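Hi,

Here is the structure I promised to pass on. Have a look at it first, and my notes follow below.

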Amino acid sequence: QVQLVESGGGLVQAGDSLRLSCAASGRTFAMGWFRQAPGKERELVAAITWSIGITYYADSVKGRFTVSRDNAKSMVYLQMNSLKPEDTAVYYCAASMTIRVGIIGDYKYWGQGTQVTVSS
């Protein structure tokens, strides 16, 4: 049974940083961070494999966001720097049973989401 619990969302100002955390239980191969803003489709923001740390980043966050994992603690993190108002969304942690980090359809398990709001 895979369970995911996100934490770390909040209200910040543009240019600030925020770190999201995801506590994972159950065996999976890759973890992803998605976000969904009102009226928009869910977007894969970043992802990482548990094993050798293959990563994926959406173009919109490259250079600003960093995904990492702590295998010993079964934790995945999303460090978000230089936040922009357009980063405002509900952020979801998700798990995949494959190492194809960029394939959205492979993510079958989801956390409850955490709100990130960036004010201008």
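A quick definition to start: buried means under 20% relative accessible area, exposed means over 50%, and partly exposed is in between (1.4 Å probe, protein chains only). By that rule Tyr92 is buried, at 14% relative accessibility.

Before the rest, some background. This is a predicted model, where local features need pLDDT of at least 70 and side-chain atom pairs count only at pLDDT 80 or more, while totals for chains, interfaces and linings use all residues. Residues are numbered from 1 along each chain as its sequence is written, and side-chain values use heavy atoms, with hydrogens and water left out.

Now the rings. Searching the whole structure turns up three aromatic pairs (Phe, Tyr and the six-membered ring of Trp, centres within 6.5 Å; planes under 30 degrees apart are stacked, over 60 edge-to-face, the rest tilted). Phe34 and Tyr107 make an edge-to-face pair, 5.2 Å centre to centre with 75° between the planes. Phe34 is buried at 1%, and Tyr107 is buried at 4%. Tyr92 and Trp110 have ring centres 6.4 Å apart and planes at 80°, so they are edge-to-face too. Trp110 is partly exposed, at 33%. Ring pairs join Phe34, Tyr92, Tyr107 and Trp110 into a cluster.

What lies over the face of Tyr92? That's Arg42, 4.0 Å from the ring centre. The charged end of Arg42 also sits over the ring of Trp110, at 4.6 Å from its centre. (Over a ring: NZ of Lys or CZ of Arg within 6 Å of the ring centre and within 35 degrees of the ring normal.)

Cheers
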